[in-house]
Amino acid sequence: MSNKDPIPTLVQKEVTLDDSSMLVWCEVANRGCYSTVWQLPNGRTEKAVVNLTDVIFQRLIDNFNRQGKDVLVDYEHRSHNGDDTTAAGWLKKMRIGVRGLEGLIQFTPAAAAKIKARELRFLSPAWVAARDDAPAQMLSVGLTNQPNFATLRPVLDNKADGGVNKHKESKMDPNKLTAALGLSAEATEDDILAAVTGLVKQVKDLTEAQAETEANQAYEENKAKLSCNKADFVTAYKANPAGVTAALGFVAAPAEPEKKVSLNKGVVPAAFTGGKVSLNKLDEYDNMSEGPAKVAFGAKHATELFALRQQRETV
């Protein structure tokens, strides 16, 4: 439910609230495009599609914080559709969560009982639009069974009756962690961090060493039909092993003189490139100044450049 500019002056209506309550973080709105109906002056309405992003959510949060007071949570938007301003609760805080906008709501015992009994399960925001037709201010929140967001999670999502929405966290036994790292039970957090950092470095070094070994092995196996130097081959292979391996399937031994082709008029096998291509891409790479742009170009076209260089050097 939404109201459209001009933003109306909100009149503080009398509401009822019981003494005790239930405090819950809930999903209020999800990211994405959704249809809405703006309520215009004189009772008119206007259908629209709203794209809810974190930018929009942050604007709602900023305006809520500037307002400096809780926002009413009513039943089925009755505070707007009628004269029933009975509070189901109060929206006390808002934040951007994993799936969209979340609110910390203090529900009344009556509303909490309906939520626990699954009589009312979802929330539906009512907000005021700015002149860009996007939500700008939270007007109220309705406790309902018909939210406008199909993916919205219920207030008590997979939680025990009466519980507060808290995600269960699995905690590792620190003694098991230190033992796995080969540390003593008295190891500090810094000791554990240092051990993990060391393991990460070892894995990285082993991965790089394995890539180097595979590249050297590939060179030795194919050097009879290669004319480029070993360093260039190893660099290209480590950057794109699958591509270079595929290209090697199309590289034959140096052709006889009468079968040589002119530079920039060669043809890379169709199975590799999808058809005839000019070798000018290799010239473009060779003529580029050293720097990030050349590195990026080389990485993007490593396989093709390797094949083109092979063809050039057999000319």
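Biologist: How many disulfides does a search of the whole structure find?

Modeller: A disulfide is a covalent bond between the sulfur atoms of two cysteines. The cut-off is a pair of cysteine sulfur atoms within 2.5 Å. The search of the whole structure finds 0. This is a predicted model, where local features need pLDDT of at least 70, side-chain atom pairs count only at pLDDT 80 or more, and totals for chains, interfaces and linings use all residues. Residues are numbered from 1 along each chain as its sequence is written, and side-chain values use heavy atoms, with hydrogens and water left out.

Biologist: Is C26 buried or exposed? And C33, buried or exposed?

Modeller: Buried means under 20% relative accessible area, exposed over 50%, and partly exposed in between (1.4 Å probe, protein chains only). C26 counts as buried because its relative accessibility is 2%. C33 counts as exposed because its value is 56%. Of the 315 residues of the chain, 37% count as buried.

Biologist: How many helices and strands are there in the chain?

Modeller: Both are DSSP runs, numbered from the N terminus: helices are H or I, at least four residues, and strands are E, at least two. The chain has 11 helices and 9 strands.

Biologist: Which strands do bridges join to β7?

Modeller: Two strands pair if DSSP finds at least two bridges between them. In a regular strand the side chains alternate between the two faces of the sheet. Here, β2 (residues 22-30) runs antiparallel to β7, with 8 bridges. M22 stands opposite F107 of β7. Strand β6 (residues 89-96) is also antiparallel to β7, through 7 bridges. A hairpin of 3 residues links β6 to β7. R95 has E102 in β7 as its bridge partner.

Biologist: How many residues of β7 are buried?

Modeller: Strand β7 (residues 100-107) has 7 of its 8 residues buried.

Biologist: Where does the charged end of R95 sit?

Modeller: The test asks for NZ of Lys or CZ of Arg within 6 Å of the ring centre and within 35 degrees of the ring normal. The charged end of R95 sits over the ring of W25, 3.7 Å from its centre.

Biologist: Why does T178 count as buried? Which residues is T178 in contact with, leaving aside its neighbours within four places in sequence?

Modeller: T178 lies in helix α4 (residues 174-180). T178 counts as buried because its relative accessibility is 4%. Contact means heavy atoms within 4.5 Å. Beyond those sequence neighbours, T178 touches L183, S184, A185, A187 and I192.
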